[in-house]
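Please read them with the structure open beside you.

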Amino acid sequence: MAANGGAKKDFFISYTGADQAWAEWVAWVLEAADYEVVIQAWDFRPGQSFVRQMQEGVECCARTLLVLSPRYFQSDFATAEWEAVFVKDPAGEGRLLPVRIEACTPPGLLGRLAYTDLFGLEKEVAKERMLAAVILKRAKPTTEPPFPPGRAVAATKPEPRFPGALPAIWNLTHRNPNFTGRVAQLDALRAHLTGGSTAAVTQAASISGLGGIGKSQLAIEYAYRYRGDYDLAWWLRAEEPGSLAADYAALARALDLPAKDAAEQAVVLAAVRAWLEAHRRWLLIFDNAEAPAPLKDLLPRGETGHVIITTRNPNFGGFAKVLPLDLWPRAESIAFLGQRTGDGGRDADALAEALGDLPLALEQAAAYCQATGESVAGYLAMLTAGHGAELLAEPREAERTVAAVWAASFARVEQESPAGAALLKLISFLAPDAIPLDLISGGAKHLAEPLAAAAAGPVRLNQAVAALIRYSLIRREGEMLSLHRLVQAVTRQRLDATEHNAWAGAAVSVLNAALPAFPHNTFDAGVAAAHDRLGAHALAAAEHAAAANVALEAAGRLFNAIGFYRRMRADLAGAKAAYSRALSIHETAFGPEHPKVAIRVNNIGGVLREEGDLAGARRAFERALAIDEKAFGPDHPEVATDVNNLGGVLWQEGDLPGARRAFERALEIDEKAFGPDHPEVATDVNNLGYVLREEGDLVGAKAAFERALAIVEKAFGPEHPNVATCVNNLGNVLRQEGDLAGAKRAFERALAIWEKCFGPDHPHTKKARANLAAVSKP
């Protein structure tokens, strides 16, 4: 649209660099409506005077549109732009058009002009409001004009995303509508990130170790405030290695990467990191990291995106740019209480003093006042009267303040919803984040009343959850619950010894029921998915039960399951740690000579063998064998397992006669116990085939591998990893016999099975690929 008065363009867009995303969206909408626009991001030429180009832009346009935010008024260039126009239009007859993209008060002369608000609106509403504001008089027809013949079609660039819209890949929680202050910290965080740094948000040393200072909320607010700068924003729970790896791996599914279903988690993590290193405009937030080391291999190299780390640990200086986060200034505390409760006067000041200006404590207090109708003065009176002081026996000052706040909320929940109070006690023995509601409902039979009845039906369970949400004790995202770790700690400390032990035992029982075992001690994708989802909770529950010396058998079973999962994921160090915890617990529970102890010793031996510690593995298997022979006699299947494992070590050590005797003994026991076609028999026969092959008896080895193959195919189907093992072993015998065609077919089949089950980079897959290459050479 040509401008009146001889001007060549309609609008000059005046903005500051921090608001470029909004400015480009505004310019796009105007040009789409047939206006002609001048905007620095598209029209200013590098290498030429910025001031001169700015002056020319203002003069060649009939009107200047101001993109207003608090940052706009801090920019000298932006001020110069609007002042140059104002001089020519002091009466405000339309040459200046202010639009606000955030709440702000235009200063001085600008305050006289009417402005249009675009923030807080849906995209289409914002577009309609802005176009209505710029229209003076238009003669646009009601239908689209015919396409002019012979006219060239101008090239177009893709429409910028509406600055109010979220990135396509986004898993952050909802924005806190009551976020208050932190302007300097947000500006500093922005400066760190746009300067190419990783930023770590941590507490000041004076409150080191205390949660609730607002680190996570600051990161969330930053992500929402600058969401227009990112195409991907991803939240990762970094406190525990299992949840950190699971959240990082989940990004592979969100990105639909080819490696998203790989069985070996390291392959998935590497694929995500490689994608991030090859793309721009992304933001990762590692929340509640304990130390730099677990993040080292996950942080993308280079400067293709931005990383925020929230942590209670101030020692991230050599790893990231540290941004200390302190208590709220008193003015922000008072403003927050006034916004939430309507009382921002002397009582709010006194309450802020009593709560130590801790954001989480103030949030809890405001939630209590809102839920109950209690006044700020009344809440302060409860605190000063000593309610909740008994929560912590020897607290630090800030912890005692938080405990006093939560005590009031706990008391109200116990009165209003006994089931809600019981739910809080149960989940205080789990990991703090991503607690599935179906874990609670599925474990109803392991719970005491009143929670058992509430968990048995969705309506009553939702009522219990709602009671906790009312006092901000938990958060709900879809079908997941989360709560602050200090809420958990204070809840556990309020319990007497009997109740504490009962809830610790209940948590272990619920997890034991929900976490399935790997069938036949082999990888299963469905079971692995359950461990991805529940592993952090299983670990927390087992740790609490072990510390309380309750439900030790169940706690040991959870540690053992965690160890097996980690071993399947090729995390041998993690597997050994979990197996060792299971062994220690069961030694305490049953004594050192119990058969359950033998199982745990066997598992540790398996990890030691995979690590190459054959001497340690041999000692473990010999100990397990001695325990089981004493408990069951020499011909029990548990003894066969021990003998079989010991034979594997002897074979690796080169003691073929000893290995053969062990495998033959295991085979004899298992055939007698299970019959000739059981999977345990297949394991024995397969292992015996290794020895026969090493001894040069290829005929005997081939017969052993073929028998083992027939058993596992019948037991598990033709595409099970155990089938691939037998097929691969058979291929090695065929290669030694000179049947390269048969060997090639065997290796191709083994490769296809392992690649499907474990992915292309698993050790088994690589082994089959190498074998296939060896027989495929011309």
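Which residues point one way from β8 and which the other way?

1. This is a predicted model, in which local features need pLDDT of at least 70 and side-chain atom pairs count only at pLDDT 80 or more, while totals for chains, interfaces and linings use all residues. Residues are numbered from 1 along each chain as its sequence is written, and side-chain values use heavy atoms, with hydrogens and water left out.

2. To take up the opening question, Leu-232, Trp-234 and Leu-236 point one way from β8, whereas Ala-233, Trp-235 and Arg-237 point the other way, and all are buried (under 20% relative accessible area, with exposed meaning over 50% and partly exposed in between, for a 1.4 Å probe and protein chains only). In a regular strand the side chains alternate between the two faces of the sheet. Because six of the six residues of strand β8 (residues 232-237) are buried, this strand is largely enclosed by the rest of the structure. Strands here are DSSP runs of E with at least two residues, and helices are runs of H or I with at least four, numbered from the N terminus.

3. Strand β6 (residues 169-170) pairs with β8 in the parallel sense over two bridges, where pairing requires that DSSP finds at least two bridges between the strands. Ala-233 in β8 is the bridge partner of Trp-170. β8 also pairs in the parallel sense with strand β9 (residues 282-289), over six bridges, and there Trp-235 stands opposite Ile-285.

4. The mean pLDDT (the predictor's confidence in each residue, from 0 to 100) of the protein chain is 84, and 89% of its residues reach 70 or more. Confidence is lowest in strand β7 (residues 199-203), at a mean of 48, and highest in helix α15 (residues 418-427), at 96. Over residues 202-211 the pLDDT is below 50, although beyond near neighbours in sequence this stretch has 38 contacts in the model (heavy atoms within 4.5 Å).

5. Eleven aromatic pairs are counted, taking rings of Phe, Tyr and Trp (its six-membered ring) whose centres lie within 6.5 Å, with planes under 30 degrees apart called stacked, over 60 edge-to-face and the rest tilted. Among them, Phe-44 and Phe-50 are edge-to-face, at 5.6 Å centre to centre and 65° between the planes. Phe-44 is buried, with a relative accessible area of 15%, whereas Phe-50, at 25%, counts as partly exposed. Ring pairs link Phe-44, Phe-50 and Phe-77 into a cluster.
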